[in-house]
Amino acid sequence: MHSKTKVVPIVSTKGGEGKSTQAANLGGFLADAGIKVLIIDGDHAQPTASSIYPLAYEAPCGLYELLMQTVDLSQEESIISRTTIENLDVIVSNDPRNLLPTYMLNAADGRVRLRNALSKPLFSHYDVILIDSQGSRSVMSELIILAATGEMIGMVKPVLPDVREFMRGTVALMEELLPYAAFGISLPHIRMLVNCMDYTLLAQSTVEQAENIIINGAYSQHADKISISMLETRIYDLDVYKQGHASGLPVHRLEKKTSRKSDSAFSSMYKLACELFPEWQHRFDALADKGAANV
């Protein structure tokens with residue numbers, strides 16, 4: 001892996017948590033701040049992240065050829081699709097027959113294929129690679145997690161069954177990957193992101209319960225090896241995220257300021273980017289200043 005490139009999977013073993021939406025919006029914010037971003041749509045069954053933004057150029061190959069090793073990675077245009085957003089490229093999901101899970105499960109190197117592929121020179125000029133994943137416990141989720149360079153985003157809604165499923169499903173998935181430490185592969189630190197937050201007492205109570213579970217290490221008997229922390233940023237349940245899908249634009253462009261109690265979409269993306277990538281805060285500040293000037 002290129003030492004400068006940060007590979008950040010966005011994972012939850014439960015579907016419908018908003019992984020694709022947040023991958024696209026975080027990617028769009030980073031790109032507008034001048035960060036070179038690649039989004040890999042790893043949800044092979046329901047490709048969403050690679051279809052939110054219009055494509056200025058669609059490559060003939062995608063995730064399927066990348067993992068099946070049938071694409072020439074010295075030819076960027078064969079695998080990298082370009083969105084209409086400057087600095088934001090994608091590798092599309094293109095496995096409609098759902099063949100990849102079986103192939104990757106049976107390949108000796110299946111779980112490290114994505115990790116190995118991303119070490120190629122083609123990917124070295126990206127600052128951040130965001131990998132969307134399917135909401136399930138599968139070999140596909142495992143190979144995405146193993147491609148991380150240090151951290152991954154764990155998505156969860158502030159609903160108790162969803163929190164329990166995250167602790168039971170995603171943490172169990174991580175536990176199964178612990179043996180890879182013997183090969184020098186460290187599991188990523190999980191940064192839990194609460195999505196679709198609201199101001200009800202129930203939602204706040206659920207988030208507090210999740211925080212207590214994390215602080216006390218009660219999520220796993222291997223809590224010393226599986227690290228989780230809660231991001232302070234909350235993504236609120238706002239219509240602007242649906243508008244982003246409809247318009248094909250990142251939400252920070254659609255809502256700079258708001259009179260609501262909750263943060264604007266721009267503010268949420270700004271806070272999330274600063275928490276995840278503090279080394280680039282000066283770029284995010286510059287984007288915020290530019291946005292304020294345009295309001």
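Helices (H or I, at least four residues) and strands (E, at least two) are DSSP runs, numbered from the N terminus. Just after helix α1, G34 takes a positive phi of about 90°.

The model is predicted: local features need pLDDT of at least 70, side-chain atom pairs count only at pLDDT 80 or more, and totals for chains, interfaces and linings use all residues. Residues are numbered from 1 along each chain as its sequence is written, and side-chain values use heavy atoms, with hydrogens and water left out.

**Sheet and helices**

Nine strands form an open sheet of mixed pairing in the order β3-β4-β5-β2-β6-β1-β7-β8-β9, where two strands pair if DSSP finds at least two bridges between them. Because β3 (55–57) and β9 (228–236) stand at the edges with a single partner strand each, one side of each is left without a neighbour in the sheet. On average, neighbouring strands of this sheet are turned by 30° against each other, direction ignored. Strands β7 (residues 151–156) and β8 (residues 189–197) pair in the parallel sense over six bridges, and G154 stands opposite M192 in β8.

Helix α1 (residues 19–32) packs on the sheet, touching β1 (6–11), β2 (37–42), β5 (88–91), β6 (128–133), β7, β8 and β9; contact means heavy atoms within 4.5 Å. The direction of α1 makes about 165° with that of β6. Axes are lines fitted to C-alpha atoms, for helices over the stretch in contact, and angles run from 0 to 180 degrees between N-to-C directions. Helix α11 (residues 265–276) lies across β7, β8 and β9, running at about 165° to β9.

Of the 14 residues of α1, 13 are buried, so this helix is largely enclosed by the rest of the structure. Buried means under 20% relative accessible area, exposed over 50%, and partly exposed in between (1.4 Å probe, protein chains only).

**Salt bridges**

The whole structure holds twelve salt bridges, each defined as a side-chain nitrogen of Lys or Arg within 4 Å of a carboxyl oxygen of Asp or Glu. Among them are these pairs:

| Pair | Closest N and O atoms |
|---|---|
| D32 and R253 | 2.8 Å |
| E76 and R82 | 2.4 Å |

D32 is partly exposed, with a relative accessible area of 25%, and R253 is partly exposed at 36%. E151 is likewise partly exposed, at 26%, whereas R191 counts as buried at 12% relative accessibility. E151 in strand β7 and R191 in strand β8 are 40 residues apart. Salt bridges that share partners join K36, E76, R82 and D89 into one network.
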